[in-house]
Amino acid sequence: MSTPTGPASGLPVRMPRPRQSGRHRRPEPVVAPEGAAALVLAVPGTPSSATRSLAEEVISIARSELPGLHARIGYLDGDDDEHPALVSVLTHAAAERTARYEQAVAAGRDVSAPEGPSAVVVPLLAGPDSAIVRRIRQAVMDSGTQVELTDVLGPHPLLAEALHVRLSEAGLARADRARLFTVATAADGIVLATVGGEEAVQAAGITGMLLAARLAVPVMAAALDVDGSVTAIAEQLRGAGAAQLALAPYLVGPEIDASLLEAAAKEVGCATAEPLGAYPAIGKLVLSLYATALGITPATPQGAPAH
């Protein structure tokens with residue numbers, strides 16, 4: 001029973017929940033700084049509606065993680081309004097930032113003049129491909145603008161997760177090691193297919209070790225653009241006792257002709273998973289590279305070490 005001064009003795013008293021403080025306090029949402037450089041996604045390969053859709057989805061994921069982000073897509077082989085060339089996108093990004101500043105000044109706002117790069121270019125590549133990266137660098141130089149070029153997306157634990165998901169979607173791996181059921185078509189050896197020669201194979205091997213730990217099966221990297229590489233790795237895995245192989249593309253997708261994947265899978269007689277595509281981790285890694293280049297700190301992607 002209540003009394004004029006409050007609840008009767010012995011009854012619980014509901015108190016207002018205090019605001020959380022200290023290191024366990026929920027962080028305030030991070031937004032892109034005003035006047036920050038644009039994020040420009042450099043997309044390799046032949047432009048197409050499918051490529052554009054994939055790139056737009058990656059950008060959408062990045063924007064959802066960092067509100068206020070100015071993001072654009074530039075195609076290495078683009079040449080029209082629908083698929084603009086990387087050079088023209090960089091030139092436009094620089095002009096656009098200057099225009100935003102001038103508009104703010106004209107409106108009487110107290111804003112600082114833009115400093116630093118007008119754009120941060122992130123290659124849409126899972127691993128290193130020196131030929132493509134060289135072309136991206138050339139486009140940056142040709143634009144005549146101040147630009148920061150980041151590294152490629154991998155190696156990274158989130159890419160191992162993405163590869164695992166793609167294999168499980170194709171019925172080539174269990175979705176969860178902890179489950180007690182098996183997948184009849186699960187592979188007991190994985191060929192991690194990349195492009196970019198030996199450098200790319202070595203880099204893919206790091207993510208491959210993480211994937212092997214997730215699947216508890218051997219994983220070895222091979223280069224689709226090196227004759228005989230996929231076949232040699234497949235033979236090595238079979239020689240080590242693997243009876244049912246699977247091809248896991250360590251590729252986002254646009255950087256290679258899909259027919260190369262099909263031909264490689266047919267050559268070694270195994271099933272193949274889909275490329276990484278617009279898996280959510282791709283967008284998060286793109287944003288992480290952008291944020292690191294500018295020294296801003298959106299939420300750290302799960303599976304990534306905090307800096």
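User: How many strands form the open sheet, and in what order?

Analyst: 4 strands, in the order E2-E1-E3-E4, with parallel pairing. This is a predicted model, where local features need pLDDT of at least 70, side-chain atom pairs count only at pLDDT 80 or more, and totals for chains, interfaces and linings use all residues. Residues are numbered from 1 along each chain as its sequence is written, and side-chain values use heavy atoms, leaving out hydrogens and water.

User: What counts as a strand, and what counts as pairing?

Analyst: Strands (E, at least two residues) and helices (H or I, at least four) are DSSP runs, numbered from the N terminus. Two strands pair if DSSP finds at least two bridges between them.

User: Which are the edge strands?

Analyst: Strand E2 (71-75) and strand E4 (147-149). Each pairs on one side only. The twist averages 25 degrees from one strand to the next. Angles run from 0 to 180 degrees between N-to-C directions, and axes are lines fitted to C-alpha atoms, for helices over the stretch in contact.

User: How many bridges join E3 and E4?

Analyst: Strand E3 (residues 119-123) pairs with E4 over 3 bridges, in the parallel sense. Valine 120 stands opposite glutamate 148 in E4.

User: Which strands does helix H2 touch?

Analyst: Helix H2 (residues 86-106) packs on the sheet and touches E1, E2, E3 and E4. Its direction makes about 155 degrees with that of E2. Contact here means heavy atoms within 4.5 Å.

User: New topic. How many residues are in the largest nonpolar core?

Analyst: There are 56 residues in the largest nonpolar core. Those with the most contacts inside it are Leu167, Ile190, Leu192, Ile282 and Tyr290. The largest share, 7 residues, comes from helix H8 (residues 280-294). Apart from this core lies another, of 19 residues, among them Val191 and Leu224.

User: What is a nonpolar core, and what is buried?

Analyst: A nonpolar core is a set of buried Ala, Val, Leu, Ile, Met, Phe, Trp, Tyr and Cys residues joined through side-chain atoms within 4.5 Å. Buried means under 20% relative accessible area, exposed over 50%, and partly exposed in between (1.4 Å probe, protein chains only).

User: Is leucine 245 buried or exposed?

Analyst: Leucine 245 is buried, because its relative accessible area is 5%. It is found in strand E7 (residues 245-249). Leucine 245 touches residues including Ala187, Asp188 and Cys270, not counting those up to four places away in sequence. The C-alpha atoms of leucine 245 and isoleucine 190 are separated by 5.7 Å, though these residues are 55 apart along the chain.

User: And where is alanine 216?

Analyst: Alanine 216 lies in the loop between helix H5 (197-215) and strand E6 (219-223). Alanine 216 counts as exposed because its relative accessibility is 52%. Its phi is near 60 degrees, a positive value in a residue other than glycine.

User: Which peptide bond is cis?

Analyst: The one from glycine 154 to proline 155, with omega near 0 degrees. Proline 155 lies in the loop between E4 and helix H4 (157-169). Most peptide bonds are trans.

User: What is the mean pLDDT?

Analyst: The mean pLDDT is 86, and 84% of residues reach 70 or more. pLDDT is the predictor's confidence in each residue, from 0 to 100. Over residues 1-19 the pLDDT is below 50. Where pLDDT is low, the predicted coordinates should not be read in detail.
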